[in-house]
There are 2 protein chains.
Amino acid sequence: MSEPVRVGVVGMGTVGSGVVRVLSQSADHIARQAGRPIVVEQVVVGDTGKPRGVPVPGNPISADLATVSDNPAISVAAMLVGGLEPARSITLELLRKGKDVVTANKALLAEHGPELFGVAREMGRSIAFEAAVAGGIPIVAAIAECLAANRIESIRGILNGTSNFILTRMEEDGSDYAEVLALAQAEGYAEADPAMDVDGTDATQKLAILAHLAFGVWVPWGQIPRVGLETIDQELLRFADELGYRIRVVADASRADRTLAMRVGPTLVRKGTPLAETRGAFNAVSVVGDAVGPMFFHGLGAGQMPTASAVVADIIDTVVGRAAITFQTTGMLEADPPAAPLAGGGSSRYLLRLQVTDRPGVMADLTSVLGSEGISIASVIQHQTAAGSTAVPLVIMTHTCEAAAIARAVAALDRQAAVQAATSCLPVLDD
Amino acid sequence: MSEPVRVGVVGMGTVGSGVVRVLSQSADHIARQAGRPIVVEQVVVGDTGKPRGVPVPGNPISADLATVSDNPAISVAAMLVGGLEPARSITLELLRKGKDVVTANKALLAEHGPELFGVAREMGRSIAFEAAVAGGIPIVAAIAECLAANRIESIRGILNGTSNFILTRMEEDGSDYAEVLALAQAEGYAEADPAMDVDGTDATQKLAILAHLAFGVWVPWGQIPRVGLETIDQELLRFADELGYRIRVVADASRADRTLAMRVGPTLVRKGTPLAETRGAFNAVSVVGDAVGPMFFHGLGAGQMPTASAVVADIIDTVVGRAAITFQTTGMLEADPPAAPLAGGGSSRYLLRLQVTDRPGVMADLTSVLGSEGISIASVIQHQTAAGSTAVPLVIMTHTCEAAAIARAVAALDRQAAVQAATSCLPVLDD
């Protein structure tokens, strides 16, 4: 067998520790897969005094990045520091010193992708990032390689395990958002600061990366319409259930004519469909290709070992030379990627939940607002009011209409005197 | 952009026509993916007089294999002839003339894999075969590349679309096997000769290939225990439903201690689990890896365009150089693959359906047969008998036991005077 490949691991948080663990506990298996042993030569951390859950047998730990970047024995670096800085500077330094980089940091790629991929290209190095999207699910390879013969028509995924965990617990336990969030934090399914997960940022960054691979466009993630999880309450979950749906945070990028409709946010998905049956911390991605038809992938989208599985697969790909080829063929963020033909959000059926004053004539006033936008109504639910309550929930399911039309209609509804709270508006996926 | 790569297509049946169609209708897209155009230089068919559904624009059709094998302009050949001969001879000739080969022919690989991969290796060529297993689902790439960091614990799949189509139609329509088979043939979901599909041969050959990739062993497909679909009737489907299960033909390869348990056949799968919800002509594969945990893939496992999607992805992989690397790293069927440590079938819960004489003491006699094999009973169903019937169905769900023990017990049960027909025995998957 050939000489070992020596790897530097930068960052020893949850994922970094998992990578060191997988490389160590499956060393023989991985050596067979790569045709040569892969050994961790050096670990770099921010604070060498901090206790680590995983031993790094025989390998020095240093706080000095130069122990990896300036080490001629190391050819591949796993850059597993989260956030934007110092992750960006570290990645640039590794690339400029000639290292191939493997990373799980989707925020970094979504924010600084054009710069990082540009430097990698300039230096003749590769960046592999399977772990950045949907953890252990090989969705990057699927789109970039396995479905390469297809023009992709849509990508729809549950890409954030934390928000899916919260939603399914709300659905199963009947608990409120705040309550379940606290539980998720206690059980380790949500960060102390869960903002990026629950406001949709994390899923949106992942969608920007997948859309680039699938459609060749680069949509800065901040331009993608995004709705957070905190807008969902038990009443909405119950109405969805009554209508035959569940609520999931869906990241959606779909071709419509010559434009691309993208959005991330709570969505009604019909019970029994794969996205509706994706529960807890699992991720799922549904891809439709013009030749292959509908493909569905389901697996653990986060967590130490599933993410480490993807990082180590990328290390192997880099070692054997596949990553360099794929980096070149996908042309990740080459100069002037086509301007994003981002549509207004496409068209969909929508569920509206209004809180309205219970008086005669209200229904006619409100439905005429929809009518004036050309939106027709598929079904309405209004249950009998509890005695003494003045506001009643009114739920309307529309037929298919344009995202722009429903947005105007919701704004007009919320200006009506009879509407007592902001109207909830969720798109509906039936297949 | 670089010079075009010239491809030979050998065989213009359903899949071959699909490949020519995809390469032609998505030519620009595929050229971007491969970094250069991919053009069909020559098509070879058995009978040039036969009408073709797909035009081959500007490309000659010949019945002479030498127009591909001896054509120095052609570097990659898609070998899309089914069956064993002349597919084997054609493949050997293509490899010996220095062509890289892409194929969808699982029977060929399962039967002659060691010979073909050996010649490919000798000639420094590659064989890519994503399309041979589960059509458009990229399960070969997933196991060979994306999950390379994992020791695979189990692979469980619905790998034959024809038998799954028949089973779900029997389930939904209440029709008998023979009736649905005739319908499937009329609708094009089953071949005129469906034997290889319904007797489990096709799924078993695919399982042999996946097991080699996942576990490194080579089990000749004829050694894998295999049960056909014709053993399933409406009564079994109804009992399964009553117990909360569906019946699917599952191809199963699972590690147990230091051995591998493999089998293909009708299996009870709990309702709501992904395999149970796989319907019609869809395929599905569930893979458990030690790091990634459970992964699930679902998509169209056969048909012209899904299969062509996989063949063209393999052609692209071959053109860009990934296929050559993967062919080398997976060491497909290198000399002396480890002897298969094939276990007796592992352990499982089982459903037994007996047709018994309705007389006092029968239940005690039969359950004591199970007891003497150390098999304990989880539940029993015996419904009230229709007046005048002498045989009644008795259904027993066991706790987990060894495959060898249940096989002995079934043989002993079938020797009992009170047992009037061969006992049905199906393993049960609860997760």
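**Notes on the predicted model**

1. For a handy landmark in the viewer, find Val287(A), which stands opposite Met295(A) in E11(A).

2. Is E11(A) largely enclosed or largely open? Six of the eight residues of E11(A) are buried, so the strand is largely enclosed by the rest of the structure.

3. E11(A) also has a partner in the other chain. It pairs with strand E11 (residues 293-300) of chain B, again in the antiparallel sense, over three bridges. Within this pairing, Phe297(A) has Phe297(B) as its bridge partner in E11(B).

4. How many residues are in contact across the two chains? There are 44 residues of chain A in contact with 44 residues of chain B. On the side of chain A that touches chain B, at least two residues each come from helix H2 (27-34), helix H6 (139-146), strand E11 (293-300), helix H12 (304-320) and helix H13 (322-330) of chain A. H12(A) gives the most to this side, with nine residues. Sorted by class, the side of chain A that touches chain B has 27 nonpolar, 13 polar and four charged residues.

5. Turning to the domains, chain A is divided into domain 1 (5-136 + 325-330), domain 2 (149-300) and domain 3 (347-429). The C-alpha centres of domain 2 and domain 3 of chain A lie 24 Å apart. Their contact takes 13 residues from domain 2 of chain A and 11 residues from domain 3 of chain A. On the domain 2 side of that contact, helix H11 (234-243), strand E8 (245-256) and strand E9 (259-270) of chain A are the elements that give two or more residues. By class, this side has eight nonpolar, two polar and three charged residues.

6. Do take a look at the parallel sheet as well. Six strands of chain A form an open sheet with parallel pairing, in the order E3-E2-E1-E4-E5-E6. Its edge strands are strand E3 (61-62) and strand E6 (127-128) of chain A, each of which pairs on one side only. Strand E2 (residues 38-44) of chain A and E3(A) run parallel and are joined by two bridges; there, Val44(A) has Ser62(A) as its bridge partner in E3(A).

7. Helix H1 (residues 14-25) of chain A lies across strand E1 (5-10), E2 and strand E4 (74-79) of chain A, and runs at about 150° to E2(A). Helix H4 (residues 87-96) of chain A packs on the sheet too, touching E1, E4 and strand E5 (100-103) of chain A, with its direction at about 165° to that of E4(A).

Terms used:
Residues numbered from 1 in each chain as written. Chains lettered and ligands numbered in written order. Predicted model: local features only at pLDDT ≥ 70, side-chain atom pairs only at ≥ 80, totals over all residues. Contact = placed C-beta atoms within 7 Å. Helix = DSSP H or I, 4+ residues; strand = E, 2+ residues; numbered from the N terminus. Nonpolar A, V, L, I, M, F, W, Y, C, P; charged D, E, K, R; others polar. Pairing = 2+ DSSP bridges. Domains from an automatic or database assignment. Axes fitted to C-alpha atoms, helices over the stretch in contact; angles between N-to-C directions. Buried ≥ 20, exposed ≤ 12 C-beta atoms within 10 Å, placed from the backbone.
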